[in-house]
Amino acid sequence: LLVNQINSCNQMPVFIEKKIGETPKEIIDRYKKDNKDVVKASYAGRLDPMASGLMILLINSECKQQDKYLKLSKTYEFDILFGFKTDTYDVLGKLISYNLVKPDLVDNLEIKSYARKFTQKYPPYSSIVVNKQPLWWWSKNNKLHEIEIPEKEVEIFSIREIKQPNVLSQDSLGTIVKQMINSLSPENFEKFRAPEILDIWAKFFKENEVIPLIKSYRANVSSGTYIRGLTNQIGDDLGCGAIALNIKRIEINI
């Protein structure tokens, strides 16, 4: 059953569209501001700040059902930017490396081979708690070497390439990256290292000539699968690096 069918029946939980730059907490705050009768609200299944799309909000007594909703599979559409590597696996990260990628390398990618069960490590910048601190805290404070990064079994049920994205120029790509990072709220701008990261991207685009290579995909995945983690894995497998340029959750399967 897809989300639009659920909403048409006026059933709980509430499905809400998250915009790029918002955090799950801001989603809850926005909903409670518009719905004064809400006493308690929580989310089931977070989205990263640079991702957009559907989120589940549980309201009042429905919050007790969180475990049930956390297990739902999801469908995403996402763009992979090949040749880049960042410490967050998306644009909201420090640029680690760039490689000019030959189109043939990506054209020959057997994307359907990723439709399987596998063990996925949490991205270094994620909210999973390790030794009483979120994983991003260990990364941000250069202490990642002091812990073991958690991992879990996930499954990609299906994945395929979809419509060819627009071919971007270097200037267009730079503008998109800047706009996405600047979509963060003032309260979160420093928290997510945005000033430093914007400077790194600006310097990179000034000093390098880039031919952006981007492909779009659609995947149905198990709960807890990190699309940016998958993107990073694909880049490592190809040997060129890759980051998530855009991630949108389009379906929550209930």
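Mentor: In this predicted model, about 440 Å³ of space lies in the second largest pocket.

Trainee: Which residues line the second largest pocket, and which of them lie nearest its centre?

Mentor: The lining consists of 23 residues, and those nearest the centre are Gly 45, Arg 46, Gly 224, Tyr 226 and Arg 249. Two or more residues each come from helix H3 (66-70), strand E4 (73-82), helix H9 (227-238) and strand E12 (242-253). By class, the lining has ten nonpolar, five polar and eight charged residues.

Trainee: How much space lies in the largest pocket, and what lines the largest pocket?

Mentor: The space in the largest pocket is about 560 Å³. Its lining has 23 residues, with Arg 46, Pro 49, Trp 136, Lys 191 and Phe 192 nearest the centre. Helix H2 (24-34) and helix H5 (135-140) are the elements that give two or more residues to this lining. H2 gives the most, with four residues.

Trainee: How do the residues of that lining divide by class?

Mentor: There are eight nonpolar, five polar and ten charged residues in the lining of the largest pocket.

Trainee: Which residues of H2 are called buried, and what do they pack against?

Mentor: Pro 24, Glu 26, Ile 27, Ile 28 and Tyr 31 are buried in H2. The term applies because each has a relative accessible area under 20%. These buried residues pack against strand E1 (14-18), strand E2 (41-44), strand E3 (51-59) and helix H7 (186-189).

Trainee: What does Glu 26 touch, leaving aside residues up to four places away in sequence?

Mentor: Glu 26, which is found in helix H2, touches Gly 21, Ser 185 and Asn 188. A touch here requires heavy atoms within 4.5 Å. Glu 26 and Arg 193, by contrast, are 167 residues apart in sequence and 18 Å apart in space, C-alpha to C-alpha.

Trainee: Where do the buried residues of H8 lie around the axis?

Mentor: The buried residues of H8 are Ala 194, Ile 197, Leu 198, Trp 201, Phe 204 and Phe 205. Because they cover an arc of only 130 degrees around the axis, they lie on the same side of H8. An α-helix has 3.6 residues a turn, so residues three or four places apart point the same way. On the other side of H8, Asp 199, Lys 203, Lys 206 and Glu 207 are exposed. Among the elements that cover the buried residues of H8 are strand E5 (84-86), strand E6 (95-98), helix H6 (170-182), H7 and E12.

Trainee: What makes the buried residues of H6 line one face of the helix?

Mentor: H6 has 13 residues and reaches 18 Å from its first C-alpha to its last, close to the 18 Å expected at 1.5 Å a residue. Its buried residues are Gln 170, Leu 173, Gly 174, Val 177, Met 180 and Ile 181. Seen down the axis of H6, these fall within an arc of 130 degrees, and therefore they line one face. Asp 171, Lys 178 and Gln 179 are exposed on the other side of H6. The cover over the buried residues of H6 includes E4, E5, H7, H8 and E12.

Trainee: Why does Ile 252 count as buried?

Mentor: Ile 252, found in strand E12, has a relative accessibility of 1%. The limit for buried is under 20%, so Ile 252 counts as buried. The C-alpha atoms of Ile 252 and Leu 72 are separated by 6.8 Å, although these residues are 180 residues apart along the chain.

Trainee: Why is Lys 132 called exposed?

Mentor: Exposed means over 50% relative accessible area, and Lys 132 has 81%, so the term applies. Lys 132 lies in the loop between strand E8 (129-130) and strand E9 (133-134). Its phi is near 70 degrees, a positive value in a residue other than glycine. Most residues other than glycine have a negative phi.

Trainee: Is Asn 142 buried or exposed?

Mentor: With a relative accessible area of 63%, Asn 142 is exposed. Asn 142 lies in the loop between H5 and strand E10 (151-161), and has a positive phi of about 55 degrees although it is not a glycine.

Conventions
Residues numbered from 1 in each chain as written. Predicted model: local features only at pLDDT ≥ 70, side-chain atom pairs only at ≥ 80, totals over all residues. Heavy atoms only, no water. 1 Å grid on protein atoms, 1.4 Å probe; cavity = no way out; pocket = protein on both sides within 12 Å on 5 of 7 lines; lining within 4 Å. Points joined across faces, edges and corners; volume = space filled by probe spheres on them. Nonpolar A, V, L, I, M, F, W, Y, C, P; charged D, E, K, R; others polar. Buried < 20%, exposed > 50% of the residue type's maximum accessible area, 1.4 Å probe, protein only. Arc of directions from axis to C-beta. Expected span 1.5 Å × (residues − 1).
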